[in-house]
Amino acid sequence: MNKTVNQKAWFLVLPVLVLVAFSAVIPLMTVVNYSVQDTFGNNVFFWAGLEWFEEMLSSDRMWDALGRQIAFSAIILAIEIPLGIFVALNMPKSGFWASFCLVLMSLPLLIPWNVVGTIWQIFGRVDIGLLGYTLDAIGINYNYTQDFYAAWATVIVMDVWHWTSLVALLAYAGLQSIPDAYYQAAKIDQASRWKVFRYIELPKMMGVLMIAILLRFMDSFMIYTEPFVVTGGGPGNSTTFLSIDLVKMALGQFDLGPAAAFSIMYYLVILLISWVFYTVMTNLDKRDGV
Amino acid sequence: MAKITLDNLAHSYLPNPTSEDQFALKQLDHDWVDGEAYALLGSSGCGKSTLLNIISGLLHPSQGRILFDGRDVTHAPTAQRNIAQVFQFPVVYDTMTVRDNLAFPLRNRGADATYVANRVQQIAQMIGMEDMLNRKARGLTADAKQKISLGRGMVREDVNALLFDEPLTVIDPHMKWELRTQLKSLHQQFGHTMIYVTHDQTEALTFADKVVVMYDGRVVQMGTPQELFERPEHTFVGYFIGSPGMNVLDATVKGDRAVIGGTEIALGKAFGTPSGKIELGVRPEFTRLSADEGLPAKIKRVEDVGRHKIVRTDVFGTEVNVILAEGEGISPAANRVAFAPEGVNVYADSWRIKAEGEAA
């Protein structure tokens with residue numbers, strides 16, 4: 001077959017290039033620009049080199065926020081993934097109740113993040129919130145505005161409530177794609193429930209679970225709105241995750257240079273972890289018989 | 001291994017079937033003899049998979065009982081029936097090695113490790129996969145996977161029956177022959193009761209000792225390939241088995257004469273005066289072209305299929321096929337078809353009636 005070479009085809013890519021330039025490249029470059037300059041106001045900037053990067057890398061503040069961030073992502077992944085699988089396994093396979101469950105489970109996903117935060121903020125209040133009041137009434141000392149553990153517990157439970165559905169729905173889709181013959185064969189082979197899960201359901205779900213883990217990791221690593229609404233990063237800095245810290249620095253203190261340097265490193269970390277993750281997962285997937 | 005008895009069995013997918021039409025499987029009484037190889041043959045939707053799933057316990061029948069060696073297992077779960085089943089599409093445990101796949105049914109039943117190792121080796125040799133035992137099952141070709149499924153079906157020595165649900169559908173044609181031959185020789189070697197569901201007559205006829213032909217939820221005939229060929233009990237059997245199928249012509253029969261479209265022909269045997277919708281069934285192999293006897297026919301076309309020629313003719317508006325041996329010419333004077341008396345069957349309401357004096 002003869003292929004004609006026509007360089008004019010590049011023009012077809014142009015609209016996308018323009019769009020991506022405006023939505024991603026140009027904003028990112030502004031950030032890069034800020035990260036290597038300093039200002040004393042009046043819109044006068046001068047070159048600062050890698051000073052901000054060095055400062056950020058040696059600041060405890062950023063490392064602490066990163067530590068909290070990693071802990072948060074790890075905890076919610078450790079809860080949401082198994083819980084989502086468990087929910088998916090116990091959902092009805094067909095009929096009215098299957099549709100009912102699907103709708104019910106997608107509800108939290110449809111609520112704007114701000115509203116989720118507000119719901120939990122009120123829900124957890126000791127004076128008027130159902131959860132906070134109840135816990136207080138049965139003698140548990142719960143106050144997310146003052147207690148470190150209460151604040152973390154609230155933020156984590158909120159995220160689990162908000163996002164487990166996503167994992168469950170993805171896992172459910174994976175389960176639905178398993179032909180009946182597999183379950184029948186397992187019955188004939190006298191496989192236990194655990195073995196059915198381990199050798200049939202889990203392998204067939206791996207693909208979607210990978211996507212679920214990746215999505216939940218990226219989202220949780222960038223979390224801002226919900227904890228900001230509920231705890232505002234407190235008490236102290238105990239729930240100040242990377243995004244919250246970044247906003248405080250950039251908009252609260254108006255330290256544009258350090259914040260820009262911080263942003264770039266934050267971005268690279270997410271990119272790096274996601275890439276490592278994806279590579280490891282796809283390699284696991286390809287690990288065919290040798 | 002066991003004798004399987006179907007007692008008054010019927011199944012409907014509706015909870016409260018009211019008419020016979022609503023039964024996917026109509027009432028059925030049969031014994032499946034221990035150690036024989038059966039093929040369940042029929043077009044799709046005839047109830048053959050339903051029957052298989054009832055035997056394996058994946059489906060509970062609406063009525064009747066199933067007995068294994070006289071023991072009622074109608075409501076016993078699959079695991080307790082001790083059967084093995086191979087499905088239409090290969091079912092393998094992707095993340096396991098081929099070895100673990102084959103060993104799975106044995107290990108789940110708590111078999112001794114050395115026994116498992118030996119048995120797996122033996123089965124691997126049988127299905128020709130010894131050199132792949134340590135490979136993961138994922139990424140193998142469809143026919144390799146199906147071989148593993150077959151192997152997993154055969155790995156237990158004490159199974160009551162081996163069930164196959166169109167197992168060769170996904171296999172390449174040249175592998176089909178090989179696997180079928182292998183199955184056949186395994187059957188001869190181990191004597192398992194085997195039930196093989198298929199819609200492919202060649203598969204059924206080459207594999208089975210007895211072919212069970214199903215039509216519209218009913219077993220219409222159970223017999224050796226030869227019986228099905230020579231004496232189809234139902235016009236469906238005649239039509240479904242054979243290539244091309246049996247010629248079926250509307251007729252009136254009286255004694256040893258039949259009248260078709262006003263032309264009388266001799267049948268060679270007496271059939272009394274049957275009532276109902278009377279048809280004559282003659283296989284193309286027992287039909288010949290003639291210039292001076294039989295029914296007036298118009299030759300429409302001739303198909304040369306290599307071994308022989310198929311002549312498609314028109315007899316009073318009904319298609320009648322004639323098989324001519326290779327090299328046999330068609331005389332220009334041939335404008336009639338004649339039937340060999342030993343190949344003529346008479347049907348009343350689609351069911352074959354016996355000639356007078358024919359052994360029961």
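The points below comment on a predicted model, taking the chains, their contact and one residue in turn.

1. An unreviewed UniProt entry places the feature "domain: ABC transmembrane type-1" at residues 66-277 of chain A. In the model, this span is 77% helix and 0% strand, and its end C-alpha atoms lie 18 Å apart.

2. Residues 12-36 of chain A are 96% helix and 0% strand, with 35 Å between the end C-alpha atoms. Residues 259-278 of chain A are 100% helix and 0% strand, and there the end C-alpha atoms are 28 Å apart.

3. A residue in helix α7. A:Leu175 belongs to helix α7 of chain A, which covers residues 148-176. Leaving aside residues up to four places away in sequence, A:Leu175 touches A:Ala88, A:Glu201 and A:Met205. A:Tyr278 is 103 residues from A:Leu175 along the chain, and 22 Å separate the C-alpha atoms of these two residues.

4. Contact between the chains. Chain A contributes 15 residues to the contact and chain B contributes 24 residues. On the side of chain A that touches chain B, α8 (180-188) and α9 (193-221) each supply at least two residues. The most comes from α8(A), which gives six residues. By residue class, this side of chain A has nine nonpolar, three polar and three charged residues.

5. Domains of chain B. The domain assignment divides chain B into domain 1 (4-230) and domain 2 (244-353). The centres of domain 1 of chain B and domain 2 of chain B, taken over C-alpha atoms, are 38 Å apart.

6. Nonpolar cores. The largest nonpolar core has 77 residues. Which of them touch the most other members? They are B:Tyr38, B:Ala39, B:Leu40, B:Ile195, B:Tyr196 and B:Val213. When residues up to four places away in sequence are not counted, B:Tyr196 touches B:Ala37, B:Tyr38, B:Ala39, B:Leu40, B:Phe164, B:Phe207 and B:Ala208. A second, separate core has 27 residues, including B:Ile260, B:Leu267, B:Phe271 and B:Ala297.

Methods:
Residues are numbered from 1 along each chain as its sequence is written. Chains are lettered from A and ligands numbered from 1 in the order in which they are written. This is a predicted model: local features need pLDDT of at least 70, side-chain atom pairs count only at pLDDT 80 or more; totals for chains, interfaces and linings use all residues. Domain bounds come from an automatic or database domain assignment. UniProt positions are given in the numbering used here, feature names are shortened, and annotations may be inferred rather than shown by experiment. Helices (H or I, at least four residues) and strands (E, at least two) are DSSP runs, numbered from the N terminus. Two residues are in contact if their C-beta atoms, placed from the backbone, lie within 7 Å. Ala, Val, Leu, Ile, Met, Phe, Trp, Tyr, Cys and Pro count as nonpolar, Asp, Glu, Lys and Arg as charged, and the others, Gly among them, as polar. A nonpolar core is a set of buried Ala, Val, Leu, Ile, Met, Phe, Trp, Tyr and Cys residues joined through C-beta atoms within 7 Å. A residue is buried if 20 or more other C-beta atoms lie within 10 Å of its own, exposed if 12 or fewer, and partly exposed in between; C-beta atoms are placed from the backbone.
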